[in-house]
Amino acid sequence: MSDWFRLQNEAEVPSPSVLIFPERVEENLRRMIRLAGGVDRLRPHVKTHKLAEVLALELKHGITKFKTATIAETELCARAGAPDVLLAYPLVGPNIGRFLRMMAHFPATTFRAVGDDSASLKALGAAAAAAGLTVEVLLDLNVGMNRTGVTPDEAAVELYRQILATPGLLPGGLHAYDGHLHQRSREERAVAAQAAFAPVWELEKQLRSLGWPVPRVVASGTPTLPLLAQRPGVELGAGTTVFWDFGQAETCPDLDFLEAAVLLTRVISRPTPERITLDLGHKAVASEMPAPRVRLFGLEDATFVMHSEEHLVLESPRAAQFPVGTVVYGIPRHVCPTIALHQEVQVVRSGRASEAWPVIARARRIEF
Ligand SMILES: Cc1ncc(COP(=O)(O)O)c(C=O)c1O
């Protein structure tokens, strides 16, 4: 259906809004499970949606393990009854205490953390032991993104030894995020992934040969999901797949997911005969990526002119067909930060926006 995104009740929906299509979300979950080779292999990232209702859908499809980037996302998972949550973000400063208080408050959820720094691990262990808690820590590895993590070499073995020896900590295995691997060709991506992960598999082997427990290896974003799925046992941490966006569609032409998050915007001004100004500024669509930040249905040929806080200005020889008030729909280039810009999303059922879901974990702090 070409106009699958168009609402029957669009006149009732304020702009700018994000529309979520739950049936498409569920289809994406089924495809994720299939691609991963089983529901137990998945540890989807919550950062993409930050929504209790999507967590509920994931739980309904049998997903029990989740990955998060903030304390608030982690707490949202616990509130939703998620059995297992990995906060894949280094804990430092007061966030150590916040994490431990959350652990104590939600005993039914198993919380896991990552670490890559000796002093931070020491601080986490001391605080956990003082609170009478034990935190399972995955050693965070740098596989080439150079954002966080230690290189999988002898220093990594020493840090793992430290986790083993620290009261209040338990060794939880390895975490390696490969966000730098986004070659368009699946073959080239596979070669790069093989090279990036060979030292991880070596390290895993070495730790096991020392008799140390390595309960899990967590790896992969969306582009490497089908590649790392071929390695038995690895947990797969894709995020974007739940909603899809045109950035990932461009990066991964080999993957087949449905667009399930759509932006609804309106023409608010026509300042010159060629210009169309939409209420889709960079406070409504993520703009850390190059223009275009949104692919607008029916305006694919328009040229990007200007993007300010609440305005998106385009030029098109067909601008006259878009009078002020026209509703325009589009797919964001990067859906995850786009969702975080919105207080709520509009949920579409049978062609109608019928309900709003609050984007609870866009907050930095929820606290129980
Ligand atoms: C640590 C970590 N894991 C997993 C993901 C999910 O990757 P993707 O957005 O490619 O699905 C991200 C994305 O930023 C991430 O930072």
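Please keep in mind throughout that the model before you is a predicted one.

Let me begin with the chain as a whole. Its secondary structure comes to 10 helices and 16 strands. The radius of gyration is 22 Å, close to the 21 Å that the globule rule gives for 368 residues, so the chain is as compact as a globular protein of that length. Along the principal axes, the C-alpha atoms fill a box of roughly 70 × 45 × 35 Å. I would also draw your attention to the contacts. Among those between residues at least 6 apart in sequence, 68% join residues at least 24 apart.

How is the chain divided into domains? Domain 1 is made of residues 10–17 together with 260–361, while domain 2 covers residues 22–243. Between the C-alpha centres of domain 1 and domain 2 there are 33 Å. Where the domains meet, 12 residues of domain 1 are in contact with 19 residues of domain 2. On the domain 1 side, the elements that give two or more residues are helix H10, residues 335–340, and strand S15. H10 gives the most to this side, with four residues. By class, the side of domain 1 that touches domain 2 has 11 nonpolar residues, one charged residue and no polar ones.

I turn now to strand S1, which spans residues 17–20. In a regular strand, side chains alternate between the two faces of the sheet. In S1, Ser17 and Leu19 point one way, Val18 and Ile20 point the other way, and all are buried.

Which strands pair with S1? One is S9, residues 261–269, which pairs with S1 in the antiparallel sense over four bridges. Across this pairing, Val18 stands opposite Leu263, and Ile20 stands opposite Ala261. Another is S15, residues 344–349, which pairs with S1 in the parallel sense over two bridges. Here Ile20 stands opposite Val347 in S15.

Seven of its nine residues are buried, so S9 is largely enclosed by the rest of the structure. S9 also pairs with strand S14, residues 327–332, in the antiparallel sense over four bridges. In that pairing, Leu264 stands opposite Tyr329. Two bridges join S9 to strand S10, residues 275–278, and these strands run antiparallel. Val267 has Leu278 of S10 as its bridge partner. S9 and S10 form a hairpin, with five residues between them.

Next, the open sheet. It has seven strands in the order S2-S3-S4-S5-S6-S7-S8, with parallel pairing.

We come to the ligand. Which residues surround it? They are His45, Lys67, Ala88, Tyr177, Gly179, Gly221, Thr222, Gly237, Ala238, Gly239 and Thr240. This shell divides into seven polar residues, three nonpolar and one charged.

I shall close with one member of that shell, Thr240. Thr240 is found in the loop between S8 and helix H9, residues 246–251. Is Thr240 buried or exposed? A residue is buried if 20 or more other C-beta atoms lie within 10 Å of its own. Thr240 has 28 C-beta neighbours inside 10 Å, and therefore counts as buried. Leaving aside residues up to four places away in sequence, Thr240 touches Thr48, Thr222, Asp245, Gln248, Val335 and Cys336. One of these, Thr222, also belongs to the residues surrounding the ligand. Finally, to give you a sense of distance, Thr240 and Ala320 are 80 residues apart in sequence, and their C-alpha atoms are 35 Å apart in space.

Definitions and conventions: Residues are numbered from 1 along each chain as its sequence is written. A residue is buried if 20 or more other C-beta atoms lie within 10 Å of its own, exposed if 12 or fewer, and partly exposed in between; C-beta atoms are placed from the backbone. Two strands pair if DSSP finds at least two bridges between them. Domain bounds come from an automatic or database domain assignment. Two residues are in contact if their C-beta atoms, placed from the backbone, lie within 7 Å. Ala, Val, Leu, Ile, Met, Phe, Trp, Tyr, Cys and Pro count as nonpolar, Asp, Glu, Lys and Arg as charged, and the others, Gly among them, as polar. A residue is near a molecule or strand if its C-beta atom, placed from the backbone, lies within 6 Å of it. The radius of gyration is taken over C-alpha atoms; the globule rule is 2.2 Å times the number of residues to the power 0.38.
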